[in-house]
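Notebook open. Today I am looking up aromatic rings and their partners.

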Amino acid sequence: MKKLLLSLATCSLLVSVLAQTNRIDRKVDSVLRLMTLEEKIGQLNQYNGDWEATGPITKAGDKQEQIIAGKVGSMLNVTGVEHTRVLQELAMRSRLRIPLLFGQDVIHGYRTIFPIPLAEAASWDLEAIERSARIAAIEASAQGIHWTFAPMVDVARDPRWGRVMEGAGEDTYLGTLIAVAQVKGFQGKGLGDTSSIMACAKHFAAYGAAVGGRDYNSVDMSLRQLHETYLPPFKATVDAGVATLMNSFNDINGIPASANKYILRDVLKGQWNFKGFVVSDWGSIGEMIKHGYVANNKEAAERSIIAGTDMDMESRSYIGHLANLVKQGRVKVAAIDDAVKRILRKKFELGLFDDPYRYSNKAREEREWNNEEHLNASLDIARKSIVLLKNEHGLLPLKKELGAIALIGPLVKSYKDHLGFWSYDWKDDSLRVPTLYDAVRSKLKAGAVINYAQGCSITGMSREGFAEAMEAARKSEMVVMYVGERRDQSGEAKSRSDIQLPGVQEELIKQIAELGKPMVVLIGAGRPLVFNWTSQHIPAIVYTWWLGTKGANAIADVIFGDFNPCGKLPMSFPRNAGQVPIYYNHYNTGRPASSDSDRNYVSAYIDLNNDPQYPFGYGLSYSKFEYGELKLSSRNLKANETLSIEIPVTNKSDRNGTEVIQLYIRDLVGSVVRPVKELKAFKRISFNAGETKTISFRLRTDDLKFYNNELKYDWEPGEFQVMVGGNSAEVRKENIIWGRGK
Ligand code: NOJ
């Protein structure tokens, strides 16, 4: 009976969704019928707002007149109720009064800045990640924004690439779950709700695989690799109802993504049945001239619209040439109509045709500007994102009763660097964002002395401040150093050939360490950095990424033990840049090294181990988790059977703590070679002090599927290794056979 009621409820939901879809389709068609070709092309045109002294609105003249003439469908970088309203009013003076869409890079928070996405990925906490995107949407929508250019779902295995900060790291499975959580967060209850904004999965596709980790560089890879590693997060966001996708700047196997018919028409809009629209990246249509793919902007427009890019961000290729291309018969009106319909549909779904000022509510804007709850949520995920890399002799957590502590390093009194690359400069940031100095001060007892010295700058080569730093350390019982990257060192166009901790910071660490004081090093950065000397010689190391508005409080909570760290790395940390790309799910090769020191005609470097400094999934806690024996429901399974996996995990400490338990598999023989490990599931579990819990997972043959050489997604029977552990390198394993029969 229950089942029947449930399926009736599902049916009626489906019917109402379909009815709504049909209603909107009819409305879209009715608008389309009224439009001239020029007005249609206008909908495909997106401009940037000019940032003027008075604020982010576009200058009078050119763009403003085009809005009135119906030649602009969307603006980016125009924010605030007042500014968006001014431009929306211009759109309401156009013949058909089609509202504008306002888009913005709301990447890790808007007013309240959250940890950078790579840091959030280290939390492995999907609910917290969804909440972070939800809050960003609430704040951005209150400012008149309808659309964020996020999440970036590019899998990234090369920390030289500056944009690793913007994604979920190297793993497709983890990245896929995070991508879906972000889309859910941004789009909330659905596009009709004014606290929802359209999400945009970007950059389609394979942008993270740029050769040499150099931003905007080419990508050349097998279609199998593309489908298996780089496309799944996009596909999952499409299934989750993402409203838009953005092209990537790169070419894929020689065809720029903005005109790549295979990925756009065949895969995205064909096989995946994507109903939203695709926006180009900034100028990426026009850039195809420099790629050497088209001779001029006209050809660029032709190729892109035919391939399936619906909106042109700032190339002016569509507005400049599509009308002529249609008149000359080179582009069919049907191709334009398809793109226009996709865009109008979203404007209807957002409710902008009913009320173009739905997102222009001054009272709401003011209310959301300083929202305490949002700050608390930001603190919560910031703490969960911190990764404890090393903690010898239980040096951490620190005692709050310290009499004198040295705080040394260029990040100690910085607040901007906590905020990260994709954050906005609000006038009162310096008042709102505590520094580590402030946060540590608030933890210590009155009368405790903080001996502060900057020591050096982040990137400069001067050692002039070293003496003062040594003095500060000498006078103190213990030393906390805070070093890392400047806010603009990881991000778009911020690739680095050398990912060493910048400047003379590690040299400063070495000098201070010579004093022999107990010492903790905190590293704040947008990417995995190299700091081998520190790894080998400093007893306690904490990776703090860029954690947002409440970053310093989160760090202080962790180092003073008010929060037990639980973050796990979403990317492998290399020993040097020569090892990259480096990722845990590599192939075994025909000559795998038998140990880290094996150099004997095997796939290895003669001057360096293969393994990373810190592996994917790694992170310590103040608790100590012990993994017991792996228990499998069967060692010989048939196709229709489910494998149950159990493992007891014990918190062998007197502190409550949280552990991320990770399940990996290896398919030992395949028609194409399979990775040495693939993450298939994880659980983030809290344990009381001393508690043992039995953690269970279930695997089915669907979890074993991969793309074979014919691009067929299927599993193959045979022997598999099942592995469970607290990181990708230390696992308990057992072998099983999974056969075809029933
Ligand atoms: C270029 C970046 O690649 C993209 O991610 C961003 O959304 C656009 N600029 C708009 O700012």
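I checked burial for tryptophan 545 and phenylalanine 573, and both are buried. The model is predicted, so I read every value here as computed from it.

I then looked up the geometry of these two rings. Tryptophan 545 and phenylalanine 573 form an edge-to-face aromatic pair, 6.1 Å centre to centre with 80° between the planes. I traced where each one sits. Tryptophan 545 is in the loop between β16 (540–543) and α23 (551–559), and phenylalanine 573 is in the loop between α23 and β17 (625–627), so the pair ties together parts 28 residues apart in sequence.

Next I asked how many aromatic pairs the structure holds. I noted 29.

I picked out another of them. The ring centres of tryptophan 161 and tyrosine 207 are 5.0 Å apart and the planes stand at 85°, so I logged this pair as edge-to-face. It links distant parts of the chain, 46 residues apart. Tryptophan 161 lies in the loop between β4 (147–148) and α7 (172–187). Tyrosine 207 lies in the loop between β5 (200–204) and α8 (223–230). I looked up burial here too: tryptophan 161 and tyrosine 207 are both buried.

I also searched for a cluster. Trp124, Tyr173, Tyr584, Phe616, Tyr664 and Phe682 form one aromatic cluster.

Last, I looked for charges over rings. Arginine 674 has its charged end over the ring of phenylalanine 706, 4.0 Å from the centre. Lysine 693 lies over the face of phenylalanine 687, at 5.5 Å from the ring centre.

Key
Residues numbered from 1 in each chain as written. Predicted model: local features only at pLDDT ≥ 70, side-chain atom pairs only at ≥ 80, totals over all residues. Heavy atoms only, no water. Phe/Tyr/Trp six-rings, centres within 6.5 Å; stacked < 30°, edge-to-face > 60°. Helix = DSSP H or I, 4+ residues; strand = E, 2+ residues; numbered from the N terminus. Buried < 20%, exposed > 50% of the residue type's maximum accessible area, 1.4 Å probe, protein only. Lys NZ or Arg CZ within 6 Å of the ring centre and 35° of its normal.
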